[in-house]
Structures are given as structure tokens and as C-alpha cells.
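Please keep the sequence and the structure in view while working through the points.

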Amino acid sequence: MIAAVVSTKITNSQETLIIQRPNNGLSLKGNISIPGDKSISHRALMLGAIAQGQTNIQGLLLGEDPRSTARCFSLLGANISQLNTELVEVHGVGVDNLKEPSRVLDCGNSGTTMRLMLGILASHPEHFFAVTGDSSLVQRPMSRVIQPLTQMGAQIWGRKGNSLAPLAIQGQKLRPIHYHSPIASAQVKSCILFAGLMAEGKTTVTEPALSRDHSERMLKAFGAEIQVDPETNSVTVTGPAKLKGQDVVVPGDISSAAFWLVAAAIVPGSELVIENVGVNPTRTGILEVLEKMEANIIQENQRVVAGEPVADLRVRYSPLKACEISGSIIPRLIDEIPILAVAAMFAEGTTVIRDAAELRVKESDRLAVMATQLQKLGARVTELPDGLEITGGISITGTDVESDGDHRIAMSLAIAALNATGTTNIHQAEAASISYPNFAKTLQQICT
Ligand code: S3P
């Protein structure tokens, strides 16, 4: 028997994840099934809530973020059965028929809940809504959705010149617009498309680079008239739309699979199979970059499940090479940059990540937090205004590090710790439950 490699300690409801690397090293082995895709889970709950009839969701993510969405839409009148991975039934109320809750809608830590829901709320005439979130979410920019919604005729008030939550929304009859978004953001795109469901005519969003397209796919499946123009990265919805409840099968989240892909790629002797991973091309930037870094990843058993491409991913350890990550691939791996920074720590050469200033307004300032925390482990990392520069091949030593309450940082630091000598304590590791409730347990299972 080897000593416990992964353990947790809970003090005052904060969890410390402890990674103790045995002197003779460790490797990762096994088959992993990962939790459902966070983006698809949110959309299935929301569209189910505003569709007519019943939506059946299989494989829903049971993380804190989709729970926030389910809580909000229950308050708005949808009947949502108890959340579980087997089958969640949503009885929708129709696109224009949400009720006005007498309580504040609390989005917790979830930017997707707040931004997507705003499009739906703003287009409910006669109704008043109050929306808030946790200490991280009330600092995140909402003007990126409030501004286009205001162009459509929405009335929204908030702190700091109507840019920060808590927000108040007086629903209005909206008019369609053609919005040229300055940022490639699926949250912005989806918010406007959802608002466009109720506006009479064609609402179009054009983005500078293609962001994840789960809303387009799901709106189409629910019966909305959607046109996609790949030449110009534009999507058009025609309103008023009627949605009909559907059966949704949520694939595993590639953003969660990313932790295991990098873990097996950097820990010598490892081999993992990650089952049932969503490989929608708007999300597979991580696979392309890891391939460029010479990681050994094979897609097996490729299939299409409920309109989304899915595969099992086999990853084996192999020495990595540094690379440059910038430009139009960034929106296709935006959530994977923290874990790619960890991959870069163990790659030969200097990896440069640019065009990623968006990371500063995620659940934390991910560029600043990753740079500071990886430096504590001894990594050679420089923070750039819009990215990170990481020189690999430097041995690292376990110490105390902080997630800053950010789920993806907590998990990225845990994977880095697998290659650190001695013991690493990752504080505020409970944040992982936002998108990956059983992360520590799975890590424990695959460490041999
Ligand atoms: C998401 C879009 C992305 C991503 C987030 C989920 C979505 O945010 O970072 O985790 O489900 O639409 P942005 O739209 O702000 O890039």
C-alpha cells in the first residue's frame, strides 16, 4: 500500500485539498466518467423552462452553477424535478409566460445563469425582476449584455452606471437588432438570441471569432428558427418563437476532461481513458493545443448524441513541447487556459499565451491568480496584460496555494501538485463543486 496521496481537510466550511506526492512518484491509471457539460446543462434547464410541454434531461451536471439556474427558473414558475444525473423533468411555461417572483433571483457564482437569464427576463413585459449573485459575480461586468439589451429596448438598472449586479429589470416588449459584439462570448451571444425569441423579426449577433454554439444547436432542436452564417460568425433568430420541450442528453464536459488530459500528459507512466466527452468543434481548442504540444491523445468511439459530437479520449504520458496559444483559438479554449498553464510548466521551452485578457473577468482574475499561485510552487511564470509566459522544465516544490474561490484554479493547482515534491495544500478547494463535485474523489481513485 502507498501512503494516501489525496486527502481533504475541512475547517469552517472551507476545504483544503492535500496532495502528497510519494518519494518514489506516482502515476495515473484508469477509466473516468466525467460530469455533464456545464454550458449545455444551463441551456437545457433554461430552454426547458420556457418551452411548452416537457423537457427530459439526462446527464445534467449536478454542480453549484446549474443548481443556481434551476433555483432561479423554479422561482420563475417552471416545474423542475429534483436534480439528478439520471433524468430531470422540466415542465415549461412557454416563452412569454414566466411569472414575476416576489423574491430576488440569486445566481450564486454563475455568470452564465445571470447573463443568459437577463435576455429572457428583459423580454417579459409587465414583469419586474431583481437579480444578484455571490461576491465574485457582483464584480463581473454585466454591461456587455445590458448594453445590447438596452438597444433592444430593455430597462435594466444596476450598480456603477448600470454595469454591475445587483440588477433590477423592468420587462419590456423588445425590438430586434443586429448586434456586432466586440468580444467573442457565448454568454453575450446567447443572451441576445434568447431576448430575440420574443422580439418580432430577425435578431442577429455577429462575433469577432466563433464562440461555443450550444445555444444555436439547442434552440434549433427546440423548434426556433435559427440561421447560422459561418462566413461572418453570425447567428439569426426569428421571433416571436415557440419552443417545444425536448429530450436532451448532456455529454461530459470537455472543460472538466481537460484536467485529466493534462494530468496524464504530465505525470510519467500515466494512461487514462476519459469516457463520453463532448467534442463540439467550438470547444476542442484544448485538444488542438495539446496535440501541438505533442501530447498523446486518441479520440475513440466517436459518435453524435442528441445533436452534439461525443468521443472517449485516451491519453498517455509523453514529454510535452512549449507552444504559442493566441488568436481565434482562444474562445475555443477560454476555460482551459489555467490548466494549459500547468501543462506549460512541464513542457520543454517557453509557452506564450496571448489575447486572453477575458480571463481577468472570470470567476477570479485568472491571469493574476494563476501567475501568483504557480510562482509559489516555484514555476517560472510571467503575467502579461493579456496572457501568461511560462518556461517549462523547472522542478516544483509543494507548498500552500489558494484557489481564490475559483473552481478551475482549484483543480488546476491540484494537477500541478501531482508533479510537486512533498506536500501541496490547496486552500478553498471546495470551489471545485461549482463544476466538478467529485473531483477530489476521482483524483484519489486514479492515483496509483
Ligand atoms: C460560457 C461561455 C464562456 C465560458 C463560460 C461558459 C457559456 O464565457 O467562459 O464558462 O456557457 O456560454 P464567455 O461567454 O464570457 O466567454
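1. Which residues of α2 are buried? The model under discussion is a predicted one, and in it the buried residues of this helix are D65, P66, S68, T69, A70, C72 and F73. The elements that cover these buried residues include α1 (38-50), β5 (79-80), β7 (105-106) and α3 (111-122).

2. The length of α2 can be checked by simple reasoning. The helix covers residues 64-75, which is 12 residues. The expected span is 1.5 Å times one less than the number of residues, so α2 should span 16 Å. The C-alpha atoms at its ends are 17 Å apart, which agrees with that expectation. After α2 comes G77, a residue with a positive phi near 110 degrees.

3. Two residues in the loop between β1 (6-11) and β2 (14-20) deserve attention. N12 is located in this loop and has a positive phi of about 45 degrees, although it is not a glycine. S13 lies in the loop between β1 and β2 as well; its phi is positive too, at about 60 degrees, and S13 is likewise not a glycine.

4. Are N12 and S13 buried or exposed? A residue counts as exposed when its relative accessible area is over 50%. N12 has a relative accessible area of 72%, so it is exposed. S13 reaches 64% relative accessibility and therefore also counts as exposed.

5. N280 belongs to the loop between β16 (271-278) and α9 (285-292). Buried means a relative accessible area under 20%; because the value for N280 is 1%, this residue is buried.

6. What surrounds N280? Apart from neighbours within four places in sequence, N280 is in contact with D213, H214, R217, E308 and P309. With one of these residues, E308, the side chain of N280 forms a polar contact of 3.0 Å.

7. P166 is part of strand β10, which comprises residues 164-170. Another cis peptide bond joins G239 and P240, and here omega is about -5 degrees. P240 is found in a loop, between β14 (234-239) and β15 (247-249).

How values were computed
Residues numbered from 1 in each chain as written. Predicted model: local features only at pLDDT ≥ 70, side-chain atom pairs only at ≥ 80, totals over all residues. Heavy atoms only, no water. Helix = DSSP H or I, 4+ residues; strand = E, 2+ residues; numbered from the N terminus. Buried < 20%, exposed > 50% of the residue type's maximum accessible area, 1.4 Å probe, protein only. Polar contact = N/O pair within 3.5 Å; in protein donor to acceptor, adjacent residues only side chain to side chain. Contact = heavy atoms within 4.5 Å.
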